[in-house]
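Biologist: Could you walk me through how to read a few features of a model like this one? I would like the general idea, then the case at hand.

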Amino acid sequence: MKRVAKFEKVSFSQFFKDWQDTFENVTEKECQQIYHQLLLPARATKGSAGYDFFAPISFTLSPQQTIKFPTGIRVKIEEGWVLKCYPRSSFGFQYRLQLNNTVGIIDSDYYFSENEGHIFAKMTNDSKEGKTLSMPQKAGFMQGIFVEYGITMDDSVQEIRNGGFGSTTK
């Protein structure tokens, strides 16, 4: 196996700023409790390809309901690799739980963005059977897989990222 990345927490100040943007009425003390309990993504078994991301809080999603939250996690990735994020397989199978962008793509240069490369998750319970998802805090909800990629022979891009969603097209 190639070792190509390292997960880290974002700074508390970045986490607090992003958490307040999503959950307006949170206090700094409440946010500190959440931050200190964050778990770095990890594989469940030696043969697992995916790194499980763990829920920073407990949440419930009724059918057609959506939640967005900052994970508190960033990842330093070697150039030439990308982290692709998907819902955990069992949740997709049982609840049709989906990431709203289908697949989250975390580029290697995202780590250096103004927001410290803070990874967010936005998920929808698309259950057609009326199933409600209850996710306990610290349960794996999403998995990330590192994938090597190539570029074309005539690629000459020199642009530098400085942001998150949609920043590479600005």
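Biologist: Is E116 buried or exposed?

Modeller: Burial is judged by relative accessible area: under 20% is buried, over 50% is exposed, and anything in between is partly exposed, using a 1.4 Å probe and protein chains only. E116 has 18% relative accessibility, so E116 counts as buried. Do keep in mind that this is a predicted model, where local features need pLDDT of at least 70, side-chain atom pairs count only at pLDDT 80 or more, and totals for chains, interfaces and linings use all residues. Residues are numbered from 1 along each chain as its sequence is written, and side-chain values use heavy atoms, with hydrogens and water left out.

Biologist: Where is E116 found?

Modeller: Helices (H or I, at least four residues) and strands (E, at least two) are DSSP runs, numbered from the N terminus. E116 is in the loop that joins strand 8 (104–107) to strand 9 (120–125).

Biologist: What should I look for in the backbone there?

Modeller: Most residues other than glycine have a negative phi. E116 is not a glycine, yet its phi is positive, near 65°. K138, also not a glycine, has a positive phi of about 75°. K138 sits in the loop between strand 10 (133–135) and strand 11 (140–148), and with a relative accessible area of 39% K138 is partly exposed.

Biologist: How do I read the packing of two helices?

Modeller: Two packed helices are described by the angle between their axes and the distance between the axes. The axes are lines fitted to C-alpha atoms, for helices over the stretch in contact, and angles run from 0 to 180 degrees between N-to-C directions. Here helix 1 (residues 12–22) packs against helix 2 (residues 28–36) at about 115°, and the axes are 10 Å apart. Contact means heavy atoms within 4.5 Å. From helix 1 the contact draws on F12, F15, F16 and W19, and from helix 2 on E28, C31, Q32, I34 and Y35.

Biologist: How many of those contact residues are nonpolar, polar and charged?

Modeller: The classes put Ala, Val, Leu, Ile, Met, Phe, Trp, Tyr, Cys and Pro as nonpolar, Asp, Glu, Lys and Arg as charged, and the others, Gly among them, as polar. This contact between helix 1 and helix 2 has seven nonpolar, one polar and one charged residues.

Biologist: What does a strand residue look like by comparison?

Modeller: Take L97, in strand 7 (residues 97–99). L97 counts as buried, at 3% relative accessibility. Leaving out residues up to four places away in sequence, L97 touches L61, P87, F91, G92, M123, T124, N125 and L133.

Biologist: And where is Q158 placed?

Modeller: Q158 lies in the segment after strand 11. Q158 is exposed, with a relative accessible area of 67%.

Biologist: What about the chain as a whole?

Modeller: The chain has three helices and eleven strands, and buried residues make up 44% of its 170 residues. For the radius of gyration, taken over C-alpha atoms, the globule rule is 2.2 Å times the number of residues to the power 0.38. A compact globule of 170 residues would be near 15 Å, and the chain has 16 Å, which agrees. The C-alpha trace spans about 50 × 35 × 35 Å along its principal axes. Of the contacts between residues at least 6 apart in sequence, 76% join residues at least 24 apart.
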